[in-house]
Amino acid sequence: MNNQQIYQDRRDRFLQELGPSAAIIPAAQLVTHHADCEYPFRQNSDFWYLTGFDEPQAIALFLPHRPLGEKYILFVLQKETSAEIWNGFRWGVKGAVDNFHADIAHPLEDFSKRLGDYLYGAENIVFRIGKHPKVESIVLEVWSELLERSSRGESVPLALTAPSAFLHKLRLRKDSWEIQRLREAALISSNAHELARQETRPGMNERQIQAVIERSFLDQGGRGPAYGSIVAGGKNACILHYTANNALLKDRELLLIDAGCSTTDYYNGDITRTFPIGGKFTSEQRAIYEIVLAAQNAAIKYALPGQNAEEIHLQALRVLVEGLIEIGLLKGSIDSLIEQGLYRHLYMHRTGHWLGLDVHDVGAYRLGEYPIPLESGMVLTVEPGIYISDLTPVPEGQPSIDERWKNIGIRIEDDVLVTSDLPDVLTSTALKSIDDMEQ
Ligand SMILES: [Mn+2]
């Protein structure tokens, strides 16, 4: 399928969702790293989803109330030799029409003077407040001018709505193209994890393994890490978002790696694996690993149409709590421990999240008090863990923890596609059995 056709189909669906509302979707801005250096550019996912246009600062308008040929407008940076010599190619106004199929394109500078005319006649404005300060000040000023005209009885937008209601339910359900791209991200990520485990030796530094992983992402044609890679040896694994990655890897300790690749078109993998640095689990590490793996396997089975993310979490939680009771780290009945949250010093996060153009992808998990039922085409992570450290106090009445269990942190995370049949584990080529983790 021609690439632009995918974006065209998405725009058609989005325009239909909008009804009488007009949407303003800005691209990402470059962000300063320090002095005059910028972070690598990362396009805004909403903007990317609808345009496939990978330049900063652009603004897309979606105008269902306008006649055919004026429904999709792009404002873009103009072509400019000196800017392109320093910072690279720009498509410019003509390229935005010819190559990205905008009905009309304008130079970015014209945005403030043209916006009012384009919004005129729409019932609402769809725009995300608080995220795009430069665009926001123009939108509010133009809207305010339009509201003045409404007092003369003219038809102008009266409400401002966030785009999530219209756009994020589309993004939550992945089409076959997106599933193919997520498969690619998952495969690159899996291969990198396999390589990292094979290269790990006692005496190395965490960041040497980070280098193995991230080199592999790039080697395989990925854009780079989808998020800050977590390479956490020993007790560092108990820090959920550890990214310092600068400690020595020790024999008889575990290495937890939570890392995923982002493809050049922004689809993400998100995998966690935990394995013994010296190649053999201690009996305590093995016991915890078995519980986490059993919890993950039990939870993945529930990634079925009609189930929901809450049920997946509960399934994992039951197996974790049951296992922790068996080895004496929790005391009581499974139900009451879960009900009272008395496991939270050992498992303090949820079991997964949506995955797509954002690593923690958009889309609601609940509608009021009702969990959103899973559908074929939704992709989510399943990532139970157990973290035993002195960071969180043991709740009153629960067993104190023997030193031999301390500083074990284990998480196992896979990316799972819901299908009309059994769950499809996109990251299944990253091994995780006890035997495969030992060398
Ligand atoms: Mn995750």
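Two strands pair if DSSP finds at least two bridges between them. The legends below describe close-up views of a predicted model.

**View 1. Strands E10 and E11 pair in the antiparallel sense.** The pairing of E10 with strand E11 (residues 254–259) runs over 4 bridges. Ala-232 has Leu-256 of E11 as its bridge partner. Both strands belong to an open sheet of 3 strands, in the order E10-E11-E13, with antiparallel pairing. Strand E10 (230–233) and strand E13 (271–276) stand at the edges. Each has a single partner strand, so one side of each is left without a neighbour in the sheet. From one strand to the next, the twist averages 10 degrees. Helix H9 (residues 206–219) packs on this sheet and touches E10 and E11. The direction of H9 makes about 145 degrees with that of E10.

**View 2. Tyr-266 sits in the loop between strand E12 (261–262) and E13.** Its phi is positive, near 75 degrees. Most residues other than glycine have a negative phi. Is Tyr-266 buried or exposed? Tyr-266 is buried, because 20 other C-beta atoms lie within 10 Å, and 20 or more is the cut-off for a buried residue.

**View 3. Asn-407 also has a positive phi, of about 70 degrees, and is not a glycine.** Asn-407 lies in the loop between strand E17 (385–388) and strand E18 (408–411). With 17 other C-beta atoms within 10 Å, Asn-407 is partly exposed.

**View 4. An open sheet is formed by 6 strands.** The order is E6-E5-E4-E1-E7-E8, and the pairing is mixed. Which strands stand at the edges? They are strand E6 (104–107) and strand E8 (159–161). Each of the two has a single partner strand, so one side of each is left without a neighbour in the sheet. Neighbouring strands of the sheet are turned by 20 degrees against each other on average, direction ignored. Strand E1 (residues 21–26) and strand E4 (residues 59–62) run antiparallel and are joined by 4 bridges. Ile-24 has Leu-61 of E4 as its bridge partner.

**View 5. Helix H10 (residues 283–300) crosses helix H11 (residues 309–326).** The two axes come within 8 Å and cross at roughly 155 degrees. H10 is therefore roughly antiparallel to H11. The crossing is right-handed. On H10, the contact is made by Ile-291, Ala-294, Ala-295, Gln-296, Ala-298 and Ala-299. On H11, the contact residues are Ile-312, Gln-315, Ala-316, Val-319, Leu-320, Gly-323 and Leu-324. How many residues of this contact are charged? There are no charged residues, and the contact divides into 10 nonpolar and 3 polar.

**View 6. Ile-6 lies in helix H1 (residues 3–18).** Ile-6 counts as partly exposed, with 17 C-beta neighbours inside 10 Å. Glu-178 is 172 residues from Ile-6 along the chain.

**View 7. Ser-336 lies in helix H12 (residues 334–340).** Ser-336 is exposed, with 10 other C-beta atoms within 10 Å. Ser-336 and Gln-78 are 258 residues apart in sequence. From C-alpha to C-alpha, Ser-336 and Gln-78 are 63 Å apart in space.

Note on methods:
Residues numbered from 1 in each chain as written. Predicted model: local features only at pLDDT ≥ 70, side-chain atom pairs only at ≥ 80, totals over all residues. Buried ≥ 20, exposed ≤ 12 C-beta atoms within 10 Å, placed from the backbone. Axes fitted to C-alpha atoms, helices over the stretch in contact; angles between N-to-C directions. Parallel < 35°, antiparallel > 145°, perpendicular 65-115°, else oblique. Left-handed = near helix turned anticlockwise from the far one by under 90°. Contact = placed C-beta atoms within 7 Å. Nonpolar A, V, L, I, M, F, W, Y, C, P; charged D, E, K, R; others polar.
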